[in-house]
Amino acid sequence: MNVSLPVPDRVEAGDREEFREAVLAGLSRTPRAIPPKFLYDARGSELFDAICELPEYYLTRTETGILADCTPELARLAGPGCALVEFGSGSSVKTRLLLDAMPDLAAYVPIDISRHHLDATAARLRRDYPGLRVEPVCADYMALEALPIDLNRADVNGVPRLGFFPGSTIGNLEPHEATAFLRRARTLLGDRGALVLGVDLKKDPQRLHDAYNDSAGVTAAFTLNLLRRMNRELDATFDLARFAHDAFYDPLEGRIEIYFRSLAVQSVAVAGRIFTFAEGERVHTEYSYKYDDAGIAALAKSAGFTIDRTWTDPARLFAVVYLETAP
């Protein structure tokens, strides 16, 4: 049965209300925090694409290099005629490596929270891959219980589903959230499914620090764009010059922590409410957990996956892992 998609303006209104509720709740709690998914409005998605090109940000080029080398084997493992489901597709740049290696895909299903970014990406892929069935899903993949598209048509009935979760986005989730996501992904992909997972590995803390504090200030702009979004969508009164990007590595937790930090005592209006910030007070926006081999294995097992293959770069900065559903 085909599932009716929501009317776009209703979706956008719902997105704005979800953003409002999350921000007000996040600024009312102690310590303050706003979920990282709200960093990715249209401008935030563009800035993240720019971050991926920075010299300090090794993650994207390293993972891309690994994928370029391993896609023939990956395509063989997945088999012909599967449906490729990408969680948090963004611009789908790395996805093209899989699309080129798997020309007989039954469908490509990009899932992303940014409708503007998703629609633009889908249009480009339909232009560049005219024979590919592209079925974009505008949704929060952390809450998605089913794919709101018909993958059970006669021409794709029963095909296996290959999930794709690159970019070490799994590291943005706290361990219990990562397990919950992988369990949900396993359900969406089915008993014949598999998942290609990109994981950033533990390494020299200075290299990690530099990756999230680039000299050009693009990562800082990405963090502070959240304040700009609140000003635009929630009638907030943040003065961006009075806040700063703050990112550092916590070796005990094995994670990068990212915040925006108040540079002075100040009060800000947000959606009709007033919030006062102390000088130096931080609002958490994102974690980026780093894993070792044992951590990856434990995470996969906790969600009902087994590791079939692991590919890394020579310096072991990053890993691409092929997970199969455990019986």
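Tyrosine 287 is buried, at a relative accessible area of 13%. This value belongs to a predicted model. The cut-off for buried is under 20% relative accessible area, and tyrosine 287 is therefore counted as buried at 13%. Arginine 255 lies over the face of the tyrosine 287 ring, 3.9 Å from the ring centre.

Tyrosine 289 is buried too, with a relative accessible area of 7%.

## Serine 288

Serine 288 is part of strand β10. With a relative accessibility of 3%, serine 288 counts as buried. The side chain of serine 288 has a polar contact of 3.0 Å with the side chain of tyrosine 212. A polar contact of 2.7 Å joins the side chain of serine 288 to that of lysine 290.

If neighbours within four places in sequence are left aside, the contacts of serine 288 are Gly171, Asn172, Tyr212, Gly254, Arg255 and Ile256.

## Lysine 290

Lysine 290 sits in the loop between β10 (282–289) and α9 (293–302). Is lysine 290 buried or exposed? Lysine 290 is buried, with a relative accessible area of 3%.

The side chain of lysine 290 makes a polar contact of 2.7 Å with the side chain of aspartate 200, and another polar contact, also given as 2.7 Å, joins it to the side chain of serine 288. Beyond the neighbours within four places in sequence, lysine 290 is in contact with several residues, including Leu59, Asp200, Tyr212, Tyr249 and Gly254.

## Aromatic pairs

The structure holds 19 aromatic pairs. In one of them, phenylalanine 48 and phenylalanine 222 have ring centres 6.1 Å apart and planes at 45°, so the pair is tilted. Where in the chain do phenylalanine 48 and phenylalanine 222 lie? Phenylalanine 48 is in helix α2 (residues 42–51) and phenylalanine 222 is in helix α8 (residues 218–234), so that the pair links distant parts of the chain, 174 residues apart. Phenylalanine 48 is partly exposed, with a relative accessible area of 24%, whereas phenylalanine 222 is buried at 4%.

The rings of tyrosine 287 and tyrosine 289 have centres 5.9 Å apart and planes at 70°, so this pair is edge-to-face. Tyr40, Phe48, Tyr57, Tyr212 and Phe222 form one aromatic cluster. Elsewhere, arginine 229 lies over the face of phenylalanine 19, at 4.0 Å from the ring centre.

## The sheet and its helices

In what order do the seven strands of the open sheet stand? The order is β3-β2-β1-β4-β5-β12-β11, and the pairing is mixed. Strands β3 (137–138) and β11 (305–312) are at the edges with a single partner strand each, so one side of each has no neighbour in the sheet. Strands β1 (residues 83–87) and β2 (residues 107–112) run parallel and are joined by five bridges. Valine 85 stands opposite valine 109 in β2.

Helix α3 (residues 58–78) packs on the sheet and touches β4 (161–165), β5 (194–200), β11 and β12 (318–325). The direction of helix α3 makes about 35° with that of β12. Helix α6 (residues 175–189) also packs on the sheet, touching β1, β4, β5, β11 and β12. The direction of helix α6 makes about 150° with that of β4.

Key: Residues are numbered from 1 along each chain as its sequence is written. This is a predicted model: local features need pLDDT of at least 70, side-chain atom pairs count only at pLDDT 80 or more; totals for chains, interfaces and linings use all residues. Side-chain values use heavy atoms; hydrogens and water are left out. Helices (H or I, at least four residues) and strands (E, at least two) are DSSP runs, numbered from the N terminus. Buried means under 20% relative accessible area, exposed over 50%, partly exposed in between (1.4 Å probe, protein chains only). A polar contact is a pair of N or O atoms within 3.5 Å; within protein, one must be able to donate a hydrogen and the other to accept it, and residues adjacent in sequence count only if both atoms are side-chain atoms. Contact means heavy atoms within 4.5 Å. Two strands pair if DSSP finds at least two bridges between them. Axes are lines fitted to C-alpha atoms, for helices over the stretch in contact, and angles run from 0 to 180 degrees between N-to-C directions. Rings of Phe, Tyr and Trp (its six-membered ring) pair if their centres lie within 6.5 Å; planes under 30 degrees apart count as stacked, over 60 as edge-to-face and the rest as tilted. A charge sits over a ring if NZ of Lys or CZ of Arg is within 6 Å of the ring centre and within 35 degrees of the ring normal.
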